[in-house]
Amino acid sequence: MSKIKQENRKSARPQDGSGWSRRTMLKASAAAGVVTMLTSRKTLAQSLPPIPTQPPDCAAPAPTNSPATTPFVQALPIPPVAIPTILNPFPTLAADTANGEAARANHQDWFQFFPLLQYNVSVQPTMHQFHPQIPPTYCWGYNGIYPGPTFLNIYGVPVVVRFHNNLPVDNIGFGDNNHTTHLHNGHTASESDGFAGDYWSPGLFKDHHYPNVYAGFNEFPPLGDQLEAQHTYWYHDHRHSFTATNNYRGINGMYLIYDDIDTGFEFPGQGPQALRLPGPYGIYDIPLNFTDKLFCANGEMFATAPDAVPGGTDKFCVNGAIQPYFNVQTRKYRFRFLNSGPARIWTFNLSDNNGNPVPMTVVTTDGNLLPSPVEVISTSSVPTLTGLTVYVSQRYDVIIDFTNATPGTSWYLTNVAAQFVGNAPEPEPAPGVNIGNVVMAFNITGPPPSPDQSQVPEVLTTLPNISKPMANLFGTRVWNFNDDVVGAEGDPANPTGKVFNVNGLTFDPNRADATVQQGSSETWLIRNRFPGTGWTHPVHIHLEEGRVLDRRNITVNPTTGVITINSQGVPPLEQGRRDVYPILPNDEVLIFLQFRDWFGKYMIHCHNLGHEDGLMLVRWDVTTGPSSTVTSPVYSDGTPNTGNGQVNSGAQPNITPALTALAPTFNLNPPGTSKLNRPGLKGSKKGVKA
Amino acid sequence: MNRRDFFTCHVADKSRPAASLGPGYYSNGVFRTHENKPVRFYDDLIKGKISIINFMYASCDKYCPRSIACLTKLQDLLGDHLGRDMFMYSFTLKPDEDTPAKLAAYAKGNGARPGWLFLTGSEYDLTSIRFKLFRLDDPLLDFSVDIHASMLRIINDNNSRWTSWVLPDPPRLIREAVSWVEPTKPFAVRVRENAELQAAIDKESVISAPKRAEFKRAHGWPEITAKYENPDGMKKLQTLFHAGA
């Protein structure tokens, strides 16, 4: 089947422009009418108490446990869809500071990707009830809801989103009323990327331009390289030093982009290129935003300090509900797993009503289609496929097939990772699972009203050819994610003593620690400093997704002291494109990155929100060139960077000679898979001046 | 905590800011300043103030000198706030070594102005506040002495806002971090600052924009004048909205 499909896709795409007929669209609308959801939310909101001007006090003493809650008594909430509007004042190329827009550089390629849709989003306080047995909780959220509204967009439809900061002016307690939003990991220009230092204060707004294009649109006009498609994004607060508290307060949501391959619909007749994964959104395509919280008896979220959130807590929330249930029909569903932090690492297992493990089929990693689906199950002979481990900010689109489930029974999604805050997840020692570790239940109701037309093709995509741009390599840039404490006592290679740092550096919004020339590609080596404290760092890089070339583990012989670097190859779930690269203690990962289309400042940082707030965050810039080869330039005010990591990076030069020859095992382009037709959508050069 | 502390911690105190976490949270142990004056942690150091707190010891020659030098520069940036509504506290990590007299000499040697106190006390009280303010839940970090020379805690008791920064780092960054716990500035001031920031960005763009344009020309990027209209995509999006919402 897959072979044929592949052939079809190749031949049919140029002729089949849209793949959408009026008939199919009517069908879709009809199908949607069957299920009216998202209305229950309104009635709940009406019963909530008024929003206090300041968060209520958490009654002393500090709780060690949340109030008891009964699992599976509330339905899984589905975030409503963001609705476009007409903005007033009308969005402009330059920041409209006269009307209260926050300072920013002019939008890049604004007229080329002139927004066809406008959204108005207010970041504001709200009351949200996480469980019927816990009083309503003071939260912050996009448009006053948690999780924020889900954006549904199509590649090729540029939009502008106006984020109003309506947080309290004199906020007390945890969370900061300065705000910036990052669309993770949109191919967006720097001024719309939500750079951590570009936050704006209450009363101001900022327009973010989301062109919804594939990377490489200058090389492959007009919309870029469709092989760079990414489908599952999330948007969240990125104000530095307060990202953990602001996200814990609830400032995050999801953003999905479809195209003519991942269409969001499952019915036939959308053209042979359509994957027809389960859909549409809210019915068979369900976001699952996982987070964990600790509640006081009065419903207030507990923070360990006014600027810190607990790393490991006792209440598992999905889309803002504690241990919800979700009614499913006996058919396939697409679930979009998101770990929205702040620190927990989840390992999910799915079991049926008899406790037997059930496989989950992963189709995308961080929103990027895998070359072919990968099955994970709780009892696998391949360690990397045992359970689905989701580090902070990672996304996995998972197909769960309930076709053979027995109506009237329930399946359970369980977290089996024992939590040592920020550490590597460890398997639960005992086979029995505590009810508190069950994240949610799937109640099987019965057969679907109409037959399941969705499918999970064996070939989902092909990966962009990265062997050709390898010629451009400037070299390998090394990023040491350190927690400098182990060697602190008299360690000459450890001069800063800063707890969280990258190459000995901490965040300075006005200083770029690396500059990369526009249009180039590099390999980056991301390393968890050896020996480390045992913390895991899920490292995130803005702008473009990368390809994992190699994973390595560093071991030291206890008797001889010889350090060995063991290549481990690329695990199955990292065969595709990623934007979060977890590095476990003593691990390093070699990735390939391209820097295309946009200029300006971007970041590489640990996405454990607490580490990020501890300034484990580095700014790097895409410039007209040339690329820098050192990490420690002077500060923007001209003073030399004295608190630097020169000794650290001296032992490991920041930039090494280009990797001209990679071992064939790196498998840059799996043989036997052909490229999709490159010009992608419509194949035209509309709007391009010859 | 002695018996008196136990009572004072839980008795309502009208002089304390309404939003304060109070002595029950911060503890209220007695420390001794480099001027050899006894002070209570909450009542005399935290209550109603913005406090900038770090740990050090006088004989520390590896990390502390640079951290303290950075704080010396920070003093100037705090201006006349220092000693009025903002205070800097450097607690010792080695109370056995650091007597008030020794700390006084250290303060003088580093040019500490009034409002910057160097404090010593009992090992128990020092460890209590160190864990309260700087705990990372990792034994390697929490029991390492040297690592604390790099940590800075900034507290405003009036609105219970905290933040932190690292040492050594450019003092302007630390001054900015202190401003985050201060009450939000009036809207008119923030609008003016926003306009100033915009002017700085525009000034930078004057230099970078021609470079970028030149780069695009030199690399043969397509020059796109017409916007990319996508009626088909809009239609699809409409369908998605119908289905989802």
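Into which domains is chain B divided? Chain B has domain 1, covering 3-183, and domain 2, covering 185-217. What you have here is a predicted model, so please read every value below as computed from it. Here is a friendly tour of both chains, beginning with chain A.

**Chain A at a glance**
- The secondary structure of chain A consists of 6 helices and 35 strands.
- Chain A has 690 residues, and 57% of them are buried.
- Taking the contacts in chain A with a separation of 6 or more, 78% are between residues 24 or more positions apart.

**The nonpolar core**
- The largest nonpolar core holds 225 residues.
- Which members of this core touch the most other members? They are Leu256(A), Val362(A), Val398(A), Ile526(A), Val539(A) and Ile591(A).
- For a closer look at Ile526(A), set aside its neighbours within four places in sequence: its contacts are then Trp479(A), Phe481(A), Val539(A), Tyr581(A), Ile583(A), Glu588(A), Val589(A) and Ile591(A).
- As background, nonpolar side chains tend to be buried together in soluble globular proteins.

**A four-stranded sheet in chain A**
- One open sheet of chain A has 4 strands in the order 3-8-7-5, with mixed pairing.
- Its edges are strand 3 (151-154) and strand 5 (181-184) of chain A, each of which pairs on one side only.
- From one strand to the next, the twist averages 20°.
- Strand 3 of chain A pairs with strand 8 (residues 252-258) of chain A through 4 bridges, in the parallel sense.
- Within strand 8 of chain A, Tyr255(A) is the residue opposite Phe151(A).

**Strand 34 of chain A and its partners**
- Strand 34 (residues 617-623) of chain A is mostly covered, with 6 of its 7 residues buried.
- Strand 25 (residues 514-517) of chain A pairs with strand 34 of chain A in the parallel sense, over 4 bridges. Here Thr515(A) stands opposite Asp621(A).
- Strand 33 (residues 600-606) of chain A also pairs with strand 34 of chain A, but this pair runs antiparallel and is joined by 6 bridges. Ile604(A) has Val618(A) as its bridge partner in strand 34 of chain A.

**A spot to look at: Val556(A)**
- Val556(A) belongs to strand 28 (residues 546-556) of chain A.
- Is Val556(A) buried or partly exposed? Val556(A) is partly exposed, because 13 other C-beta atoms lie within 10 Å, whereas a buried residue has 20 or more and an exposed one 12 or fewer.
- Val556(A) and Asn586(A) are 30 residues apart in sequence, and their C-alpha atoms are 9.8 Å apart in space.

**Chain B: domains and sheet**
- Between the C-alpha centres of domain 1 and domain 2 of chain B, the separation is 37 Å.
- Chain B has an open sheet of 7 strands in the order 2-1-5-4-3-6-7, with mixed pairing.
- Strand 2 (38-40) and strand 7 (161-166) of chain B are at the edges; each has a single partner strand, so one side of each has no neighbour in the sheet.
- The twist averages 30° from one strand to the next.
- Strand 6 (residues 151-156) and strand 7 of chain B run antiparallel and are joined by 6 bridges. Ile155(B) has Trp162(B) as its bridge partner in strand 7 of chain B.

**Chain B: helices across the strands**
- Helix 6 (residues 123-134) of chain B lies across strand 1 (30-33), strand 3 (50-56), strand 4 (86-92), strand 5 (116-121) and strand 6 of chain B, and runs at about 80° to strand 6 of chain B.
- Helix 8 (residues 171-181) of chain B lies across strand 3, strand 4, strand 6 and strand 7 of chain B, and runs at about 170° to strand 7 of chain B.

- Helix 5 (residues 100-109) of chain B has Leu103(B), Tyr106(B) and Ala107(B) buried.
- Why do the buried residues of helix 5 of chain B line one face of the helix? Seen down the axis, they fall within an arc of 100°, so they line one face.
- The cover over these buried residues includes strand 4 and strand 5 of chain B.
- Turned away from the buried side of helix 5 of chain B is a face with the exposed residues Ala101(B), Lys108(B) and Gly109(B).

How values were computed
Residues are numbered from 1 along each chain as its sequence is written. Chains are lettered from A and ligands numbered from 1 in the order in which they are written. This is a predicted model: local features need pLDDT of at least 70, side-chain atom pairs count only at pLDDT 80 or more; totals for chains, interfaces and linings use all residues. Domain bounds come from an automatic or database domain assignment. Helices (H or I, at least four residues) and strands (E, at least two) are DSSP runs, numbered from the N terminus. Two residues are in contact if their C-beta atoms, placed from the backbone, lie within 7 Å. A nonpolar core is a set of buried Ala, Val, Leu, Ile, Met, Phe, Trp, Tyr and Cys residues joined through C-beta atoms within 7 Å. Two strands pair if DSSP finds at least two bridges between them. Axes are lines fitted to C-alpha atoms, for helices over the stretch in contact, and angles run from 0 to 180 degrees between N-to-C directions. The arc is that of the directions from the helix axis to the C-beta atoms.
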